[in-house]
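Please read them with the structure open beside you.

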Amino acid sequence: MILLFLAAAVPACATCHPAEAKSHAATPMMHALTPARDSAILKANPQLQYQDGNYRWRIAREAGEPVYSVTDGNQAITAKLQWAFGFGEMGQTYLYEHNGALYESTLSYYTLTQSLDFTPGHLDRPRRNIKEAAGRLIDPAEVRRCFNCHANNKTDPMIAGVQCEHCHTGAAAHVTSHSKMTRLSQAPAEEISNLCGACHRTWEDIAASGPKSVLNVRFQPYRLANSKCYDATDRRISCTACHDPHSVTSHQTASYDGKCMACHAEGKVCSVARQDCVTCHMPKAEIPGIHFAFTDHWIRVARPGEPYPQ
Amino acid sequence: MTHPESVDGLANYGAALAHEGQYDEAIAQYGKALTIAPDNPQVLLNLALSYYKTGRYTQARDRFQSVLPRLQPYSPPHRQISFLLADCDIRLGQYKAAVELLDPWDRKSPDDMGLAYLLGTALLKDKQLDRGAKVIDRILRKGESAESRLLMGTAKLNSLDFTGARDELQKAAELNPTLPEVHGSLGLALLGLSQADAAAAEFRKELDVDPNNFAAVFQLAILAKQEQRFEESRKYLARSLSLRPGDAAVLYQSATVDIASGKLDEGCRELEELVKLSPDFTEAHVSLAGVYYRLKRKEDGDRERALVRRLTAEAQARQPAAK
């Protein structure tokens with residue numbers, strides 16, 4: 001079991017970078033991990049239930065704490081939810097402790113349906129007993145990987161959520177001695193892809209180990225690097241060229257046109273349209289059971305009926 | 001009295017050393033004996049056994065193969081050497097060769113459960129699942145045993161039913177905790193269930209039972225790499241390579257350990273060698289592309305990445321759903 005502590009966000013960064021600190025505070029990354037008791041989703045939904053076969057799941061608020069319970073009518077497991085993963089753009093998954101070990105909840109909350117449903121990867125898991133129905137045991141090595149991405153484990157005590165130093169290595173030293181920091185805004189596309197890919201999966205991760213199916217639409221650095229227009233050395237096609245990690249992601253498709261035009265303003269330009277490029281060239285793809293349509297970052301001329309390029 | 005430098009003298013001395021567990025010294029004596037009598041079957045056999053005992057399965061296999069044709073077909077020594085040779089093949093990942101070697105014996109002795117177990121292992125590892133299932137049935141009809149549970153677990157591992165495999169293999173371990181392969185296979189099932197720490201513990205138990213279990217040594221190397229314990233990983237990889245010389249998967253992991261520990265040029269060179277030997281090894285091309293980019297060799301990186309895309313697209317086109 002890893003020991004987890006909470007601390008306030010590093011206020012030192014905000015002193016000199018107030019705009020970034022303020023806008024970042026509203027991002028899903030900032031809230032990638034919260035103590036379950038503080039989850040806005042669970043506060044707004046004090047009673048959540050789900051039934052599948054003999055099993056009935058329930059998340060209910062008791063004395064200010066979210067309590068997860070599963071029963072098959074004869075036996076039951078009840079545990080206090082410890083951690084909520086994800087801000088809820090797509091959904092939220094929970095960890096609970098049982099007999100000294102951490103488990104991933106079988107059910108997650110999905111924003112689109114505003115209800116519980118199976119956590120990705122859980123639908124086909126065997127549920128031969130109440131323990132298996134409740135959740136999946138998380139090995140300490142996997143726990144470390146979960147918190148590596150969803151928390152600022154680079155600081156001690158741990159800070160929940162993705163904060164400044166998660167990406168800006170050396171921030172602590174910079175605060176105390178004003179030492180030089182790497183200017184990520186000047187980094188080439190490949191470097192940024194690998195930085196973001198440390199959590200969102202790199203091209204190498206997926207190309208080597210999969211998944212090679214629509215399931216990989218979630219892993220944007222892999223999809224982007226397969227695009228014909230991807231150039232490892234060109235900043236104009238890096239993750240941060242379109243997405244400011246300090247701000248909430250825009251869902252206005254037209255807001256990305258300027259990014260495309262940074263390269264395509266001259267020469268061969270699309271014969272169909274001059275706006276909303278991403279609606280055609282970055283089609284949405286749904287992963288079965290996840291109740292969310294992901295934007296496919298493999299930028300291409302997507303023809304109707306063509307199979308999803310893996 | 002036997003002259004100490006005669007074939008018999010050297011062979012006897014070698015056998016005495018082997019009996020004391022001094023296999024390397026025994027191998028040296030057998031080597032001297034073979035310089036005098038290169039085709040002496042007893043010396044060749046003893047040499048093979050010493051290689052086998054020390055996990056040098058390629059050398060052991062070569063010697064067993066040279067001895068086998070000189071034995072009377074289907075005699076007890078022929079049977080013993082055939083089984084040892086098949087075990088070498090299995091340990092070297094040459095499952096088809098093991099099946100071919102064991103099939104005639106199985107037709108001759110269908111009630112030999114030791115043989116059935118060995119054949120079942122080779123069939124399942126060679127993904128001949130239907131034939132493997134029939135062998136498992138035969139073993140199960142003889143009653144519950146650790147061997148039958150191990151084969152069931154192996155079959156479930158093959159079909160990626162990690163939970164089922166774990167349950168079978170835990171039962172096998174309860175029935176016979178010293179049966180080779182049990183803990184190693186249980187480790188693989190636990191890895192499939194993302195329980196890396198528990199898997200590592202099982203791989204270590206396997207090495208207590210069988211220090212030459214390739215899968216256990218190799219997986220411990222990968223787990224150590226993932227935890228950034230690179231020196232430990234290198235030791236396990238060196239051991240893996242001694243068990244399976246030239247194994248592409250081991251060479252690939254060695255290169256990635258070098259890359260992960262910052263030795264980019266060395267890792268790059270190793271990967272370039274590897275893709276020459278195994279041009280369809282997609283993962284090696286993937287890592288090579290990555291290291292080219294890190295070395296600022298964009299054109300090389302682009303070329304490798306394009307190659308990976310082509311290999312992936314070809315694999316997708318071969319999938320039934322794509323047709």
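What percentage of the 323 residues of chain B count as buried?

1. The share is 44% of the 323 residues of chain B. Keep in mind while reading that this is a predicted model.

2. On secondary structure, chain B has 18 helices and 0 strands. Its C-alpha atoms fill a box of roughly 70 × 50 × 40 Å along the principal axes.

3. Arg91(B) is a residue to look up in the viewer. Arg91(B) belongs to helix H5 of chain B, which covers residues 76-91. Is Arg91(B) buried or exposed? Arg91(B) counts as buried because 22 C-beta neighbours lie inside 10 Å, and the cut-off for buried is 20 or more.

4. Leaving out residues up to four places away in sequence, Arg91(B) touches Tyr57(B), Asn212(B), Phe214(B) and Leu243(B). Take Phe214(B) from that list: Phe214(B) and Arg91(B) are 123 residues apart in sequence, yet their C-alpha atoms are 6.9 Å apart in space.

5. Turn next to the two chains together. At their interface, 16 residues of chain A are in contact with 18 residues of chain B. On the chain A side, the elements that give two or more residues are helix H5 (140-150) and helix H9 (203-209) of chain A. By class, this side of chain A has 8 nonpolar, 3 polar and 5 charged residues.

Key
Residues are numbered from 1 along each chain as its sequence is written. Chains are lettered from A and ligands numbered from 1 in the order in which they are written. This is a predicted model: local features need pLDDT of at least 70, side-chain atom pairs count only at pLDDT 80 or more; totals for chains, interfaces and linings use all residues. Helices (H or I, at least four residues) and strands (E, at least two) are DSSP runs, numbered from the N terminus. A residue is buried if 20 or more other C-beta atoms lie within 10 Å of its own, exposed if 12 or fewer, and partly exposed in between; C-beta atoms are placed from the backbone. Two residues are in contact if their C-beta atoms, placed from the backbone, lie within 7 Å. Ala, Val, Leu, Ile, Met, Phe, Trp, Tyr, Cys and Pro count as nonpolar, Asp, Glu, Lys and Arg as charged, and the others, Gly among them, as polar.
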